[in-house]
Number of protein chains: 2
Amino acid sequence: MKNLLATRANPDVTSALSGLFPVDDSPLAISLAAGSPNLDYFPVAAVRQAFLTAIDQQGAGLFQYQTAQGNLDLRQALTARIQKWGQVATTADNVVLTVGGQQGIELVAKALLNPGDEVAVEVPTYIGALAAFDLYQPTYHAVPLEPDGLDLNALEETLKRHPKIKLLYTVPDYHNPTGITMSVTKRQQLVDLANRYDFVILEDTPYRDLGYEAAPLPAIKSFDTQGRVVFLSSFSKILMPGLRTGWLVADGDLLAAIMKVRLASDLETTNITHAAIAAYMQANDLDAHIQTLKTHYRAQRDAMVTSLEQDFPDEVSFTKPAGGFFDWVTLPKGMNAATLLTDTMIPRAHVTYVPATNFYPNRDVTNAMRLSFSGLEPQVITTGMRRLADQLKLAIHRQAPVL
Amino acid sequence: MKNLLATRANPDVTSALSGLFPVDDSPLAISLAAGSPNLDYFPVAAVRQAFLTAIDQQGAGLFQYQTAQGNLDLRQALTARIQKWGQVATTADNVVLTVGGQQGIELVAKALLNPGDEVAVEVPTYIGALAAFDLYQPTYHAVPLEPDGLDLNALEETLKRHPKIKLLYTVPDYHNPTGITMSVTKRQQLVDLANRYDFVILEDTPYRDLGYEAAPLPAIKSFDTQGRVVFLSSFSKILMPGLRTGWLVADGDLLAAIMKVRLASDLETTNITHAAIAAYMQANDLDAHIQTLKTHYRAQRDAMVTSLEQDFPDEVSFTKPAGGFFDWVTLPKGMNAATLLTDTMIPRAHVTYVPATNFYPNRDVTNAMRLSFSGLEPQVITTGMRRLADQLKLAIHRQAPVL
């Protein structure tokens with residue numbers, strides 16, 4: 001029998017996304033794994049009204065075939081938004097609506113990558129981005145993160161050795177999975193590198209509005225003078241993921257290439273939801289809603305960081321995210337967060353998290369974990385973190401040589 | 001400067017989909033080009049209520065991240081529907097919701113095709129399918145259509161010469177662009193060929209509910225005993241395209257491969273719309289709505305076929321579709337429907353259609369055109385067809401040798 005599947009769909013290669021979230025059926029279970037927003041904060045009544053407004057104002061035409069770029073009202077609102085908060089001057093013609101941020105990553109990969117093409121990613125990085133890139137079988141180059149973002153010296157060394165690198169993927173704001181934010185200086189320097197070494201930057205910013213200490217920094221795209229930066233964002237974390245609406249900003253040949261592959265992929269995305277989001281933004285103050293979200297998520301972040309500082313053993317290091325949903329915890333060398341999860345944390349602590357391995361394109365790091373504080377109330381986070389800390393202490397103590 | 005685009009996005013290769021619909025800005029313009037459903041028949045009030053029902057019954061959870069396969073209520077309703085109308089026994093676990101039928105085609109192509117892999121398509125065929133396959137750079141084999149569907153002798157000859165063919169794409173019901181329907185006997189024989197020559201069948205059925213003479217035939221999938229047939233359908237033509245909801249049925253390894261690439265492509269589709277469609281199907285009789293559609297579209301089809309029979313010159317041949325949206329008109333050899341459109345029909349008749357070329361993977365047929373009767377009232381169709389016929393007579397007369 002022929003092998004009827006494409007290499008990219010080979011069942012022997014597990015998708016980084018499948019089985020991402022470990023399952024613990026215990027009634028005691030606390031999940032620090034899923035990066036879902038807290039649905040208690042969803043503005044259901046306002047969005048319900050927005051669907052009605054869109055349908056009542058636009059009638060049957062709302063449900064006809066539209067354009068591949070997507071709803072113009074929403075693209076215009078987003079153009080104003082990225083100008084205000086990201087200092088990016090662009091037009092609605094440069095905005096493409098997507099099925100969440102995920103499709104934006106996939107479209108950029110599809111538009112750029114032939115098999116074997118070279119891609120640089122910060123490590124650790126968003127698992128879903130690796131899964132989308134994997135579809136197009138690239139060669140990865142891993143670039144470490146520093147506390148102020150991508151290590152640009154390491155990136156330039158990599159570019160010198162691998163001048164064919166086409167694409168750099170980065171989550172500059174409250175990075176998934178580490179919570180790290182790239183400094184403004186580095187944003188500008190990164191664009192200079194892209195101009196010099198001739199590559200495209202995919203700037204993925206689902207968390208950029210969720211800063212708990214400061215306003216959003218200028219987007220990397222704001223420093224782009226050659227149309228090399230694709231800015232990508234999403235409503236999933238600031239409104240609702242079930243709306244499946246992301247958006248990207250691109251220019252020139254890159255925009256044309258993205259539109260070409262988008263048209264062939266799904267013609268267009270769901271206009272009714274886009275019209276409803278536009279109506280929501282017209283009738284409500286999205287920024288005020290985001291302020292409310294930030295108040296909640298800040299308290300959740302504080303609960304997690306406090307526990308990391310007070311309860312966790314000294315052998316463990318961790319980030320202190322200024323925004324977003326995640327904290328990155330590094331265990332002593334030699335420890336394996338994946339086996340610790342299945343052997344200890346699920347059966348004894350009933351706490352789950354996402355182990356490090358899948359955040360690395362080469363799956364070569366095991367002693368770290370992503371903790372998410374987005375889905376739980378502060379006191380639940382504190383409870384889960386204490387259980388995690390207790391078991392970690394035992395595990396580290398057990399591992400340490402007895403002198 | 002590096003070429004930063006993937007081969008599939010090469011701007012020198014025009015997408016078959018872009019510029020698909022010729023533009024005529026004249027107030028006299030009649031478009032027989034677009035295959036859009038008529039928005040006058042959209043059940044806007046019922047769908048508006050369905051959105052409310054879904055939101056009010058399910059609340060915030062409706063808008064949270066869901067599963068990659070999509071809304072379970074809708075998948076269950078579709079399982080019952082394909083059993084009833086297609087004689088396919090399956091389960092909700094085998095149903096995957098997609099962004100229209102287009103994404104279903106793209107996902108199957110993505111799951112199966114490495115560059116250069118061999119694909120058989122009936123010719124002419126759906127332009128969007130070629131665009132989706134083109135993303136994965138296959139080698140095409142064209143198989144002609146007969147009045148009762150795919151020429152299976154020609155297909156078997158092709159399979160003997162090209163035993164590596166992995167995938168056959170067919171629109172068996174009221175085919176786009178010809179309106180032809182595959183006989184039940186051929187459906188069964190096609191599955192036998194697939195078993196014998198070891199390939200996958202993608203059965204694309206956006207029009208299968210829109211038969212104006214008879215009930216839908218058993219799906220090709222109903223004869224599938226080895227999990228080789230992917231059944232694909234859509235709500236775009238029977239409800240509203242702006243809902244962007246298609247669905248596919250697959251089994252075993254194929255299903256797993258499709259799910260793997262879907263997860264990496266966009267995680268999941270828009271749950272709010274899927275929940276609304278499920279609520280619509282719960283509260284309304286979709287089949288009764290389809291009966292109403294059929295009454296309208298049948299009259300439109302009749303207007304087109306009557307004009308083809310009465311007004312068109314004898315040198316022209318045409319199909320008589322028993323359902324769907326399209327008629328396929330073949331001009332005398334040597335005529336070019338594309339240049340005829342731009343040079344004559346748009347400036348003189350103010351009627352547009354889709355010329356043949358883009359419906360052929362090798363772009364090697366020019367003397368035919370697709371006429372769509374889906375978007376216009378019967379009397380407008382008759383007016384447009386007469387104008388087309390008048391200019392065709394002049395053009396054929398001009399071309400004919402003077403004896």
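The model is predicted. Chain A superposes on chain B by a rotation of 180° with 0.0 Å of shift along its axis, and the contact takes 66 residues from each of chain A and chain B.

**Relation of the two chains**

- Two copies of a chain are related by a rotation about an axis and a shift along it.
- Here the rotation is 180°, the shift along the axis is 0.0 Å and the RMSD of the superposition is 0.0 Å. That is the relation of a two-fold axis.
- Both copies use the same surface, since 100% of the contact residues of chain A recur in chain B.

**The contact**

- Chain A contributes 66 residues to the contact, and chain B contributes 66 residues.
- On the side of chain A that touches chain B, at least two residues come from each of helices H1 (44-58), H3 (100-112), H4 (127-134), H7 (252-266) and H8 (271-283) of chain A.
- H7(A) gives the most to this side, with 9 residues.
- By residue class, the side of chain A that touches chain B holds 34 nonpolar, 19 polar and 13 charged residues.

**The sheet in chain A**

- Four strands of chain A form an open sheet in the order E10-E11-E14-E13, with antiparallel pairing.
- Strands E10 (317-318) and E13 of chain A stand at the edges; each has a single partner strand, so one side of each is left without a neighbour in the sheet.
- Strand E11 (residues 326-330) of chain A pairs with E14(A) over 5 bridges in the antiparallel sense. In E14(A), A:Ala368 is the residue opposite A:Thr330.
- Strand E13 (residues 354-355) of chain A pairs with E14(A) over 2 bridges, also antiparallel. Here A:Val354 stands opposite A:Arg370 in E14(A).

**Strand E14 of chain A**

**Helix H9 of chain B**

- Helix H9 (residues 286-310) of chain B has 25 residues, which at 1.5 Å a residue should span 36 Å; the end C-alpha atoms are 36 Å apart, so the two values agree.
- An α-helix has 3.6 residues a turn, so residues three or four places apart point the same way.
- The buried residues of H9(B) include B:Leu293, B:Tyr297, B:Gln300, B:Arg301, B:Ala303, B:Met304, B:Ser307 and B:Leu308.

Methods: Residues are numbered from 1 along each chain as its sequence is written. Chains are lettered from A and ligands numbered from 1 in the order in which they are written. This is a predicted model: local features need pLDDT of at least 70, side-chain atom pairs count only at pLDDT 80 or more; totals for chains, interfaces and linings use all residues. Two residues are in contact if their C-beta atoms, placed from the backbone, lie within 7 Å. Ala, Val, Leu, Ile, Met, Phe, Trp, Tyr, Cys and Pro count as nonpolar, Asp, Glu, Lys and Arg as charged, and the others, Gly among them, as polar. Two strands pair if DSSP finds at least two bridges between them. Copies are superposed by least squares on the C-alpha atoms of residues with pLDDT of at least 70 in both. The expected span of a helix is 1.5 Å times one less than its number of residues. A residue is buried if 20 or more other C-beta atoms lie within 10 Å of its own, exposed if 12 or fewer, and partly exposed in between; C-beta atoms are placed from the backbone.
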